[in-house]
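Have the structure open beside you as you read.

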Amino acid sequence: MSNTNKLPRRRILVLSVAIVVTALITMSITALLINILERKNEGSDKFTKVVELTEDTVDPAVWGQNFPIQYEQTLKTKEMTPTVYGGSTKVAHKPTDKDPRTFVSSSRVEEDPRLKVMWDGYPFAVDYRHARGHEYMLEDQRLTRRVTEFEQPGACLNCHASTPTIMRKLGDGDVNKGFAKMNKMPYNEVTKLAEHPVSCLDCHDPKTMNLRVTRPAFINGIKALKAGEGVKDYDPNRDATRQEMRSFVCGQCHVEYYFKGKEEKTLTFPWNNGLNIDDIWQYYKENPHVDFVHAGTGAKILKAQHPEFDIWSNSIHADNGVSCSDCHMPYERNGAKKTSNHQLQSPLLNINASCMTCHKSTEEEMKNRVVNIQDRFIHSRDQAFDSLTQFVHKLEAAIKDGTATQEQIEQAREYQNKASFYLDYVYSENSYGFHAPAYIHRIIQDSLDASRKGMLVLDGAKPDQLGPSDITNNNTKEIKQRGH
């Protein structure tokens, strides 16, 4: 065979290979473009509408037909996964006709008897357990001994059940009227109207899916707070940014509050003067309120609640625009969709998504940093707790033995109220010191100081001898001028 015959064959072979390679490349590029287009369509398609959602759609399972990813995540709030300090431990429970639970979370008052001393005479001294996930919030409230053995107002339901529909129906379409009616109804009566724990409807508009505030107490509280800052007629649903709303929806419940009015029991946030604890303490001085009378000392006591939003507002994270949801409901990818994780858990259980988007560190280092903050908090908190316990016992003994005058007893009771409220404020806040470490330690110091002064009064010191020095007053004035 001649060389002239071989040449065309080689050319044909090369050409054939080139055609095949070109076809494969073209097919790959086409497949890639189709995949990109599909992903873009997925990303732009917010959700697939399977059912119509309305203001009466309370059941999260129905919302889950349109939002299956988020619904599956909310179901995971049933999981009880403890961290070093947070979370809860399962405790076996023998079911009864009145309490069918097969397990509960561990008891705080059994773990720390000092709580019984601080809350002596109040239902929390009888039953107070570690909080479980959102899926349990209504069940655990209905079955706590604080409800089954004591009369409670309907106002308690505000943060443990899906209430927008309840309030609207009670108020014949007027949520504010329904809110007022629900608050003063007996809890055992109004809880029968609740079908689900806090649900999708409580935080999302069923038509637009936008975040919204549904609790009148928060709307009233934030309006009063903004008014004190010079902002008139503030409405979070109209004026707040989306990033602010990612904290406001949480702040509807995770706050300090009280029930205003002997009959009305109106859920109220004490924010008129500000969100600093001293501002809140001053509010209670201007608007006298007593949660209970201490059984051992006769002191009129304020019971702090769970002021996560209040304390976070005094944090470096809040100052830098980091919302509650950024840490507890971090964004994640599901296919091409960007969703907010609705499992609502400790950031320590998802450090990469919760922390590493901002902090350039390792997960182990971030966990150690958090636990170190919490270790220091526990140490400082215990010092204040021991001091308060000793103070209470000293006051009880002085009353029993008649070793103090009535004036000294009354003065000591005032110090007990402050020492108890300030300590309770950081104890009942569930971050174990993390949300605002420096601020929280300052609060603990104020509790310690109040216990110290109370014991000094019982030893004969005059209140005017225990006031701040001129240097302290000047430093305090300068700090306030800087807005801290």
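Helices are DSSP runs (H or I, at least four residues), numbered from the N terminus. Axes are lines fitted to C-alpha atoms over the stretch in contact, and angles run from 0 to 180 degrees between N-to-C directions. This is a predicted model, in which local features need pLDDT of at least 70, side-chain atom pairs count only at pLDDT 80 or more, and totals for chains, interfaces and linings use all residues. Residues are numbered from 1 along each chain as its sequence is written, and side-chain values use heavy atoms, leaving out hydrogens and water.

Start with helix α20 (residues 406–427) and helix α21 (residues 437–458), whose axes come within 8 Å and cross at roughly 160 degrees. That angle makes α20 roughly antiparallel to α21, a label for angles over 145 degrees. Their crossing is left-handed, meaning that the near helix is turned anticlockwise from the far one by less than a right angle. Residues in contact (heavy atoms within 4.5 Å) include Tyr415, Ala419 and Tyr422 of α20 and Ile443, Ser447 and Ala450 of α21. By class, this contact has 13 nonpolar, five polar and four charged residues; Ala, Val, Leu, Ile, Met, Phe, Trp, Tyr, Cys and Pro count as nonpolar, Asp, Glu, Lys and Arg as charged, and the others, Gly among them, as polar.

Now turn to another partner of α20. Helix α14 (residues 277–286) packs with α20 at an angle of about 135 degrees, their axes 12 Å apart. That makes α14 oblique to α20, and the crossing is right-handed. Among the residues that meet are Trp281 and Tyr284 in α14 and Phe421 and Tyr425 in α20.

Notes
Helices (H or I, at least four residues) and strands (E, at least two) are DSSP runs, numbered from the N terminus. Angles under 35 degrees count as roughly parallel, over 145 as roughly antiparallel, 65 to 115 as roughly perpendicular and the rest as oblique.
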